[in-house]
Amino acid sequence: MPDSSPTAQRYLAPAQVAELLSIEVDEVIELVYQGRLRGSQLGSPARWRIEEPSLSEYLAEQSEEARRMALWRQANEASFPEVWGTSHSQGM
């Protein structure tokens with residue numbers, strides 16, 4: 001009979017998250033304090049643990065931000081006068 005209970009929440013150590021993101025452990029903890037990652041101090045002695053789904057959400061946000069910045073840069077480059085073949089400074 002299949003288990004109908006929700007899957008157990010998985011937590012990652014800050015060092016694991018730091019390795020995945022190629023950043024320092026202190027930066028991971030700072031992301032938790034900023035609310036960009038969800039984490040808790042668990043166990044005895046208490047140690048930080050990061051909710052795995054929040055890491056996926058953070059990566060999706062970072063990907064979307066990078067996509068938007070790329071589109072913004074493309075739009076700015078396309079608005080240069082030399083692209084359009086006109087210049088307002090001619091004849092002044």
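Trainee: Let's start with Ser22. Where is the place of Ser22?

Mentor: Ser22 sits in the loop that runs between α1 and α2. Helices here are DSSP runs of H or I with at least four residues, strands are E runs of at least two, and both are numbered from the N terminus. Keep in mind that this is a predicted model, where local features need pLDDT of at least 70 and side-chain atom pairs count only at pLDDT 80 or more, while totals for chains, interfaces and linings use all residues. Numbering runs from 1 along each chain as its sequence is written, and side-chain values use heavy atoms, leaving out hydrogens and water.

Trainee: OK. Is Ser22 buried or exposed?

Mentor: Exposed, with a relative accessible area of 68%. The cut-offs are under 20% for buried, over 50% for exposed and partly exposed in between, using a 1.4 Å probe and protein chains only.

Trainee: And what is phi of Ser22 near?

Mentor: Phi of Ser22 is near 55°, so you have a positive value in a residue that isn't glycine. Most residues other than glycine have a negative phi.

Trainee: What about Gly35, what's its phi near?

Mentor: Gly35 comes after α2 and has a positive phi too, near 85°.

Trainee: Back to the helices. At what angle do the axes of α1 and α2 cross?

Mentor: Roughly 105°, with the axis of α1 (residues 14-21) coming within 8 Å of the axis of α2 (residues 25-33). That makes the two helices roughly perpendicular, a label for 65 to 115 degrees; under 35 is roughly parallel, over 145 roughly antiparallel and the rest oblique. Axes are lines fitted to C-alpha atoms, for helices over the stretch in contact, and angles run from 0 to 180 degrees between N-to-C directions.

Trainee: Which residues in α1 and α2 meet?

Mentor: On the α1 side they are Pro14, Ala15, Val17, Ala18 and Leu21, and on the α2 side Val25, Val28, Ile29 and Leu31. Contact means heavy atoms within 4.5 Å. The residues of this contact are nine nonpolar, with no polar and no charged. Nonpolar covers Ala, Val, Leu, Ile, Met, Phe, Trp, Tyr, Cys and Pro; Asp, Glu, Lys and Arg are charged, and the others, Gly among them, are polar.

Trainee: Which residues of α1 are buried?

Mentor: Pro14, Val17, Ala18 and Leu21. Down the axis of α1 they fall within an arc of 100°, so they line one face of the helix; the arc is that of the directions from the helix axis to the C-beta atoms. Glu19 and Leu20 are exposed on the face turned away from that buried side.

Trainee: And in α2, which ones are buried?

Mentor: Val28, Ile29, Leu31 and Val32. Their arc is only 155°, which puts them on the same side of α2. Asp26 and Tyr33 are exposed on the other side.

Trainee: Switching topic: is Glu51 buried or exposed?

Mentor: Buried, at a relative accessible area of 16%. Glu51 is in strand β3 (residues 47-51).

Trainee: Which residues is Glu51 in contact with?

Mentor: Leaving aside neighbours within four places in sequence, Gln9, Arg10, Tyr11 and Arg38.

Trainee: Last one: is the peptide bond from Ser44 to Pro45 cis or trans?

Mentor: Cis, with omega near 0°. Pro45 is in the loop between β2 (39-42) and β3.
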